Amino acid sequence: MNAAPIGKPVRMRVGVPAVLALGSNLGDRAETIQAAVDLLRAEPGVDVRAVSRLYETPALKPEGIDEEAPAYLNAVALVHTLLEPLALLGVVNRVEDALGRVREERWGDRTIDIDIVDYDGIVSDDDPRIVLPHPRAHERAFVLVPWLDVDPGARLAGYGPVAELARQAGDPVELWEDRP
């Protein structure tokens, strides 16, 4: 039996909840989101606890809805993770890369986009690589509505109840029949 030496404290890692938003508007969008969820499930230190239904939304650009761009499918995954925020960001970036994500144009069309929306309710902009919660999540129905699917009582740190934020968000969101 292996045990810590007498008098030495034992630290157990418990993990924390995090919310991931997934979106795709190129290729087989539903298949890509499912593949992303499957890859996340296979990652050590990431336990996917729930995945929302899929929702279809128009592409949003800085100037508003882009009617010319392909529509997105969006979902939210609730995870429990042993990883620190930057390590979780590394995981989601590897999943995006594995599924053909190309980062040529900010706000451009993409095979997959995975954002860390919330990480254990932390509010932080100390590191330019990751801002928590996601800086635009509070105004994006395509994040908020799927999140309510898997956590009707959700709260976004620094902003309040997700249900109220979803009511105030202006982007159109429609339920899509398939789910990951």
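1. Buried here means under 20% relative accessible area, exposed over 50%, and partly exposed in between (1.4 Å probe, protein chains only). The model is predicted: local features need pLDDT of at least 70, side-chain atom pairs count only at pLDDT 80 or more, and totals for chains, interfaces and linings use all residues. Residues are numbered from 1 along each chain as its sequence is written, and side-chain values use heavy atoms, with hydrogens and water left out.

2. The protein chain contains 4 helices and 12 strands; these are DSSP runs (helices H or I, at least four residues; strands E, at least two), numbered from the N terminus. Of its 180 residues, 43% count as buried. A contact is a pair of heavy atoms within 4.5 Å. Among contacts between residues at least 6 apart in sequence, 71% join residues at least 24 apart. The chain exposes about 10,000 Å², with carbon and sulfur atoms supplying 51% of that area (Shrake-Rupley method, 1.4 Å probe; for residues, only the protein chains shown count as cover).

3. Helix 1 has 14 residues and reaches 20 Å from its first C-alpha to its last, close to the 20 Å expected at 1.5 Å a residue (the expected span is 1.5 Å times one less than the number of residues). Its buried residues are R29, A30, T32, I33, A36, V37 and L40. Seen down the axis, they fall within an arc of 165 degrees, so they line one face of helix 1; the arc is that of the directions from the helix axis to the C-beta atoms. E31 and A42, on the other side of helix 1, are exposed.

4. What do the buried residues of helix 1 pack against? Their partners include strand 1 (16-24), strand 6 (72-81), helix 2 and strand 7 (113-119).

5. A salt bridge is counted when a side-chain nitrogen of Lys or Arg lies within 4 Å of a carboxyl oxygen of Asp or Glu. By this rule there are 7 salt bridges. One of them joins E43 and R94, with the closest N and O atoms 3.5 Å apart. E43 lies in the loop between helix 1 (29-42) and strand 2 (46-51) and R94 in helix 2 (residues 85-98), so the pair ties together parts that are 51 residues apart in sequence. R94 is partly exposed, at 47% relative accessibility.

6. Two further pairs differ in setting. R110 and D113 form a salt bridge at 3.2 Å between the closest N and O atoms, and both residues are buried. R129 and D127 form a salt bridge at 2.6 Å between the closest N and O atoms; R129 is exposed at 58% relative accessible area, whereas D127 is buried at 17%.
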